[in-house]
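Open the model in your viewer and keep the selection tool at hand. The tour goes stop by stop, with something to select at each one.

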Amino acid sequence: MRTSTNPELTAAWATVPDVAKAQERHEAAVKLRRDFPRGRTPAEALTAVQAEAVAAFTDTGKWPSTFAKDAAKAHADALVWEAEFIALRNLEDVTKAAAEDLRDSLSVDVLEHLHSRLDEILDAAKAAGETLGDVTTAEQAIDAGADVLDAWRRLTSLLKEYRNVRDAQWDVLRAVSGEEARMRTRRWRDAGHGEVKDVRVDEIPAHIRDVMRSSAYTVEYLVWVAQSGSAFVPTSYDDLEFSVTASMEPVAYDDHGPVDLSPRVLPSPTPRPAKTYTHSRTPHLDAFQPAPESPKANATHSDREASTLDYF
């Protein structure tokens, strides 16, 4: 989680301080590994001692009497260095995995916080939009009077907060998604998805869809979103994918009009009691035991329907 200049994103991640703590530990582990002095592996250390001994013999004709002692010390020192180096490298990997797992598991809380902030912004925007009426430009707001101008200023301020929430939403979704999911998320955002749910794309006015695609939010768009009551922040990639699919599903019709094809839960049917006939017998599974009693009949077998075999 990198440092952000978006106050909404910073406040959202602050709701899960464990994520920041895990990220700080990972960054500390990375620094420890990078600052660790370069050393030699045991094999490299022995090779260096051997090369020095060979060079000494070549120059003097005498083999170093301390070769074994020098080799043992170099190897022991290299083992200590290598053990700590490997431990620091493992520490970096473990803290990275822990930070990513914690971030992914708590991202729902972060996105839910952003959704609550979105609700606060849109509630205020809806109240200001009622005062605004049909005004759509700053010039019209100035001409309309003090109350309308105050409402316009209020919406202009809320517009910045709304933009920050949306930017934070996409930042979090990218952070917790894989490469392929990030590519799809980027395409969906460019297509205007992730802003509203339970609304079909073809039911949204064209000029509003243009704003969704460009993310060039305006006061008019903010009022429309607030009054629609359909704005949301996806709580996960799957939630975003479901909203995209639902907004683009084809409408099915029958003779009575549109057909609701949304999934529904049906009550489980009450099972019928088993029918036991007079000719029914309890299975006799153990030939060494007495045959079990036949079950009590609770149904009669009706006569079969006549067929052509009865007449020919």
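In which helix do Glu-120 and Arg-117 both lie, and how many residues apart are they? Select the two residues: both are in helix H4, and they are three residues apart, about one turn of the helix. Keep in mind throughout that this is a predicted model.

**Stop 1: Glu-120 and Arg-117**

Show the side chains of this pair. Glu-120 and Arg-117 form a salt bridge, in which the closest N and O atoms are 2.8 Å apart. Now colour by accessibility. Glu-120 is partly exposed, at 48% relative accessibility. Arg-117 has a relative accessible area of 17%, so it counts as buried, since buried means under 20%.

**Stop 2: Lys-73 and Asp-77**

Stay in helix H4, which covers residues 67-132, and select Lys-73 and Asp-77. These residues are four apart in the helix, so about one helical turn separates them. A salt bridge links Lys-73 to Asp-77, with 2.9 Å between the closest N and O atoms. Is Lys-73 buried or exposed? Lys-73 is exposed, with a relative accessible area of 55%. Asp-77 has 43% relative accessibility and counts as partly exposed, because that class lies between 20% and 50%.

**Stop 3: Asp-202 and Arg-200**

Next, select Asp-202 and Arg-200. Their side chains meet in a salt bridge, at 3.4 Å from N to O. Asp-202 counts as exposed, at 55% relative accessibility. How many salt bridges does a search of the whole structure find? The search finds 13.

**Stop 4: helices H1 and H4**

The crossing of H1 past H4 is right-handed.

**Stop 5: a nonpolar patch**

Finally, switch to a surface view and select Val-54, Phe-57 and Trp-63. These residues make a nonpolar surface patch of about 310 Å². Val-54 is found in helix H3, which runs over residues 42-60. Val-54 is partly exposed, with a relative accessible area of 47%.

Notes
Residues numbered from 1 in each chain as written. Predicted model: local features only at pLDDT ≥ 70, side-chain atom pairs only at ≥ 80, totals over all residues. Heavy atoms only, no water. Patch = residues over 30% accessible without salt bridge, like charges linked within 9 Å, V, L, I, M, F, W, Y side chains within 5 Å. Areas by Shrake-Rupley, 256 points an atom, 1.4 Å probe, with all protein chains shown as cover. Salt bridge = Lys/Arg side-chain N within 4 Å of Asp/Glu carboxyl O. Buried < 20%, exposed > 50% of the residue type's maximum accessible area, 1.4 Å probe, protein only. Left-handed = near helix turned anticlockwise from the far one by under 90°.
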